Amino acid sequence: QVQLVESGGGLVQAGGSLRLSCVASGRTLSSYAMGWFRQAPGKEREFVAAASWIGGNAYYADSVKGRFTISREYAKKTMYLQMNSLKPEDTAVYYCAARPTRLGGSAYYTSADFGSWGQGTQVTVSS
């Protein structure tokens, strides 16, 4: 099992940017995939973005496509979510997730597709 710790959340005005970090530990990640999900109050957890740890495409929810970008820093076992042009509707707790298999060809994922989760980091976008 891999352990995940997110950081980087905070309060930002609409149009601003934040970068979330997810540090992984406990396993070799070469065969893993990692994702970002978010959950707003009263709503279900929703897919934001995902990518295999090594190579492959990154996939994004339509609501964030063109604004959010996944990147990886292998030496630090860290995956980032760069969030630009933030909107109030992006306000949520953001969770990092991992699974021990690479992504397939699907462009959309659910919580059930990932088995390891971080504790979440709050992102609040003010209007």
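1. Cys-22 and Cys-96 are both buried, where buried stands for under 20% relative accessible area, exposed for over 50%, and partly exposed for anything in between, calculated with a 1.4 Å probe and with protein chains only. The model is a predicted one, in which local features need pLDDT of at least 70 and side-chain atom pairs count only at pLDDT 80 or more, while totals for chains, interfaces and linings use all residues. Residues are numbered from 1 along each chain as its sequence is written, and side-chain values use heavy atoms, with hydrogens and water left out.

2. These two cysteines form a disulfide, with an S to S distance of 2.0 Å, and the structure holds one such link; the term covers a pair of cysteine sulfur atoms within 2.5 Å. A disulfide is a covalent bond between the sulfur atoms of two cysteines. The angle about the S-S bond is -75°, and the link of Cys-22 and Cys-96 is left-handed. Because Cys-22 belongs to strand S3 (residues 18-25) and Cys-96 to strand S9 (residues 92-99), the pair ties together parts that are 74 residues apart in sequence.

3. The protein chain contains 11 strands and zero helices; both are DSSP runs numbered from the N terminus, a helix being H or I over at least four residues and a strand being E over at least two. The radius of gyration is 13 Å, close to the 14 Å that the globule rule gives for 127 residues, so the protein chain is as compact as a globular protein of that length. That radius is taken over C-alpha atoms, and the rule is 2.2 Å times the number of residues to the power 0.38. The C-alpha trace spans about 40 × 25 × 25 Å along its principal axes.

4. Of the 127 residues in the protein chain, 44% count as buried. Among contacts with a separation of 6 or more, 61% come from residues 24 or more positions apart, a contact being heavy atoms within 4.5 Å.

5. Which residues does Phe-114 touch, leaving aside its neighbours within four places in sequence? Its contacts are Ala-33, Met-34, Gly-35, Phe-37, Ala-50, Ala-97, Ala-98, Arg-99, Leu-103 and Tyr-109. Phe-114 sits in the loop between S9 and strand S10 (116-117), and with a relative accessible area of 5% it is buried. Its C-alpha atom is separated by 11 Å from that of Arg-102, which is 12 residues apart from it along the chain.

6. Ala-107 is also placed in the loop between S9 and S10, but Ala-107 counts as partly exposed, at 46% relative accessibility. Leaving aside neighbours within four places in sequence, Ala-107 is in contact with Phe-47, Tyr-59 and Tyr-60. Ala-107 and Glu-44, 63 residues apart in sequence, are 19 Å apart in space from C-alpha to C-alpha.

7. Two backbone angles deserve a check by eye. Most residues other than glycine have a negative phi, and most peptide bonds are trans. Lys-77, however, has a positive phi near 50°; Lys-77 is found in the loop between strand S7 (68-73) and strand S8 (78-83) and counts as partly exposed at 27% relative accessibility. Ser-85 likewise has a positive phi, of about 50°; Ser-85 lies in the loop between S8 and S9 and counts as partly exposed at 41% relative accessibility.
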